[in-house]
Amino acid sequence: MNIDDRDFLQLTKYMQEQFGINLEKKRTLIEGRLSNTLQQKGFTNFHDYIGDVLGDKSGQKIDELVTKLTTNYTYFMREAAHYQFMTATALPEWVSKIKNHDLRVWSAGCSSGEEAYTAAMVMSEYFGGHKNEWDTTILATDISTRVLNIGKGGMYSAQSLDQLDEKWKTKYFKKISPDQYKVSDALAREVVFGQFNLMGSFAQFKRKFHIIFCRNVMIYFDAPTKAALTKKFFDILEPDGYLFIGMSETLSGINDDFKQISPAIYKKVLA
């Protein structure tokens, strides 16, 4: 099903203004991801569907739309080099500095939770028997309540766990069926999920973070939006804090405040 110019403009403008998501060059993606939804819901054109979604006061239809247009395939231990860096560099640095044992990690744009749970497992393995001495609860946020509910439910396909060591699967998951695994209660307690729009104010965060993950989220943003968001990340990070972005992303030409440490790993280094 094709979307005409007027409806395409209305939809892309709305997504940009409300969520910072730039879909100006994603016409084919919009048509591909939404055509089946339109047909399933009985719409014969995009105009009526968009009007119905934007007129929904509950926000549920908008949430579904955002999820359809932005959710990418993800899995546990994706971009494993970041977690290896956490273990070898970031965690040892912060453990030596933090006196109150409050390590603050944020998975921003967490999707269905695989990233946050992976980071939680990495930290559990790193701290080992000293884990109970630390507060390492991870904040995991996304604009979509649909993906957040998946994360909260903690149920995942066997395929999404393919990159995990078998010992970790046994330790942190319960096998429900040949194709379904559920996170353990202990792991579930390590992640707090909440809805948050990255375009909004960060004033609600009373304490700064030591590590922020925002991976494969800014691929949807234009340069000014990326610059504004990474400025907010810089401000909300502790000095020497780390920002992890997607391996296909860069802050070059976007934000010169951060020091690049490794591919897709940036550090807040104050002069």
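In this tour, Ala, Val, Leu, Ile, Met, Phe, Trp, Tyr, Cys and Pro count as nonpolar, Asp, Glu, Lys and Arg as charged, and the others, Gly among them, as polar. The model is predicted: local features need pLDDT of at least 70 and side-chain atom pairs count only at pLDDT 80 or more, whereas totals for chains, interfaces and linings use all residues. Residues are numbered from 1 along each chain as its sequence is written, and side-chain values use heavy atoms, with hydrogens and water left out.

**The whole chain**

Begin with the protein chain in cartoon view. Its secondary structure comes to 10 helices and 10 strands; helices (H or I, at least four residues) and strands (E, at least two) are DSSP runs, numbered from the N terminus. The radius of gyration, taken over C-alpha atoms, is 20 Å, close to the 18 Å that the globule rule (2.2 Å times the number of residues to the power 0.38) gives for 271 residues, so the chain is as compact as a globular protein of that length. The C-alpha trace spans about 60 × 50 × 30 Å along its principal axes. Of the 271 residues, 50% count as buried, where buried means under 20% relative accessible area, exposed over 50%, and partly exposed in between (1.4 Å probe, protein chains only).

**An exposed loop residue**

Select Glu 24, which is found in the loop between α1 (5-19) and α2 (27-40). Glu 24 is exposed, with a relative accessible area of 57%.

**The parallel pair β1 and β2**

Next, select residues 105-108, strand β1, which pairs with β2 in the parallel sense over 4 bridges; two strands pair if DSSP finds at least two bridges between them. Ala 108 stands opposite Thr 141 in β2. Strand β2 is mostly covered, with 4 of its 5 residues buried.

**The largest cavity**

Both kinds of space are found on a 1 Å grid over the protein atoms alone: a cavity is a set of points where a 1.4 Å probe fits but cannot get out, and a pocket is an open set with protein on both sides within 12 Å along at least five of seven lines. Lining residues have an atom within 4 Å of a point. Grid points are joined across faces, edges and corners, and a volume is the space filled by probe spheres set on the points.

The largest cavity has a volume of about 450 Å³. Of its 27 lining residues, select Gly 109, Ser 111, Asp 142, Asn 216 and Val 217, which lie nearest its centre. The elements that give two or more residues to this lining are α4 (60-70), α6 (114-127) and β2 (138-142); α4 gives the most, with 3 residues. By class, the lining has 11 nonpolar, 11 polar and 5 charged residues.

**The largest pocket**

Move to Arg 104, Thr 137, Leu 139, Arg 207 and Phe 209, which lie nearest the centre of the largest pocket among its 13 lining residues. About 230 Å³ of space lies in this pocket. Its lining has 7 nonpolar, 1 polar and 5 charged residues.

**The antiparallel sheet**

Finally, display the open sheet of 3 strands in the order β3-β5-β4, whose pairing is antiparallel. Its edge strands, β3 (155-157) and β4 (173-177), each pair on one side only. Strand β5 (residues 180-183) pairs with β4 over 4 bridges, and Ser 177 stands opposite Gln 180 in β5.
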